[in-house]
Amino acid sequence: MSNSNHKKGLHNENTNVNTSSALKCPINIASDYLNVNRLNAGGSASSAPGLGEPGSSPNMEAMREWWRTRSLNAPSPFQQFGPCGRIMKNPSMVMQIQDPASQRLTWYKPPLAVLVIKKMGDKDVLAPFVQLVEWLVQEKHMVVWVELGVFNDPILKKDQKFQDIKEKLVTFKDGRDDLTGRIDFIVCLGGDGTLLYASLLFQQSVPPVMAFHLGSLGFLTPFQFDNFQEQVTNVLEGHAALTLRSRLRCVIYRKSEKHKYSDLQKQQYAVNCDSTTELESASAFEHENALNKCTIRQAPSEFMVLNEVVIDRGPSSFLSNIDLFLGGKYITSVQGDGLIVSTPTGSTAYALAAGASMVHPSVPAILVTPICPHSLSFRPIVVPAGVELEISVSPDSRTTSKVSFDGRNTQELFHGDRLQVTTSIYPVPSICAQDQISDWFDALAECLHWNVRKKQKCLDELSDLTASGSEDTLDDFERGSNSILDG
């Protein structure tokens, strides 16, 4: 391999690591690291010593072990197979993928505007909310945004501290005000629903989200509120790890139908005419004829979901019958209560209850999980994050389907409609309390009590025999039992 090719993608047998990461290590270790990569990139096995062989540097072994314990990327596969086969190179498809373990927050300018989202209808969150907002305004001199509905809380109206800073807050109303480009930083106070709401508010780029656990479950809210000043200050100074939680982009394409519509209706919808007649210059007869051939196509409905999109039978007593396509290829028909298409973040939500595996949020994947399928062999599957899923109601289905997005915006999916699901390019940057691995496994243990059971007692028959002072052995017991059976 030439030096130019070597610089494009250094790799060793344990992980993908770029040159800049290697240069952060001590010089002697970094140089050994480069030697390891030259060997693995195509050098002869006899041209450099292997691990544990005479002449191998201790730094090389330390380097490999160091990266092995700190990388979340899979090993870079060796691209030559046997004496003749190898992967065909396609430079246009080469991508640089950053190791999730190295994803840390940085600000290229100081954050000024912060959005504070609180759990509605929970009086236990009011005191922390007032304390946080007051501190952000008076101590950090930040512009604080809150939802307009917060001002209507009767308890907050009686809180003198909140009334003193009320005029300094900026309000917005969901569905009316667009927050795109206005918010630098988000703080959530409550449960997992507050993080889902933050995802809903930003359908494109999402500001970094710091979630405090003040709700019921708290699987997505790793921070405790006790020392919020220190924790928020660390984040504002850029000392935080990030988990990029992928989202799904869901688009509903409605079936087009031909009808007679008035001119007023045609101004309200996007009109697709099958006739080539220009309506403005046509005669009265041609104008009416063209109107009859016009097709009104509703604009596609688009939603971004952080957990899952659910397609089910709704209130119907019939089985749902849903066709599933992957990359334009028909995969299967789902007959049962419905189908869940979820992100790795959503793998611990509805999909978990339906039997799916729990997937770490840094894994690039989409989960497809049937809901009570009328089949003994229909198991949940995991597909690559880059695929395009398409879901539609089967032509012979006895009923339509209902589709919901993170539990909201329920819509009806009719025969001929299509739901397209792909991984969005806009993830939710969730700030870690510790790191990506520790936060996730702590949540599994504390919120879901993962693998909690009583410990099995150790096998101590031999110690019991020794303690009794008996001269008998296990062989004696075996001979005795055999004689009993023979008798």
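**Exercise 1.** Leaving aside its neighbours within four places in sequence, which residues is Asn307 in contact with?

*Solution.* First, the ground rules: this is a predicted model, where local features need pLDDT of at least 70, side-chain atom pairs count only at pLDDT 80 or more, and totals for chains, interfaces and linings use all residues. Residues are numbered from 1 along each chain as its sequence is written, and side-chain values use heavy atoms, with hydrogens and water left out.

Step 1: Asn307 lies in the loop between strand E13 (301–305) and E14; strands are DSSP runs of E with at least two residues, numbered from the N terminus.

Step 2: list its contacts (heavy atoms within 4.5 Å). Asn307 touches Leu196, Val341, Ser342, Thr343, Thr345, Gly346, Ala349 and Asp406.

**Exercise 2.** Decide whether Asn307 is buried or exposed.

*Solution.* Buried means under 20% relative accessible area, exposed over 50%, partly exposed in between (1.4 Å probe, protein chains only). Asn307 has 10% relative accessibility, so it counts as buried. For the chain, 40% of the 487 residues are buried.

**Exercise 3.** Follow strand E14 into its sheet.

*Solution.* Step 1: take one pair, where pairing requires at least two DSSP bridges between the strands. E14 (residues 308–312) and E17 (residues 338–342) pair in the antiparallel sense over five bridges, and Asp312 stands opposite Gly338 in E17.

Step 1: widen the view. Six strands make an open, antiparallel sheet ordered E19-E18-E17-E14-E21-E22. At its edges are E19 (381–384) and E22 (408–413), each pairing on one side only.

Terms used:
Helices (H or I, at least four residues) and strands (E, at least two) are DSSP runs, numbered from the N terminus.
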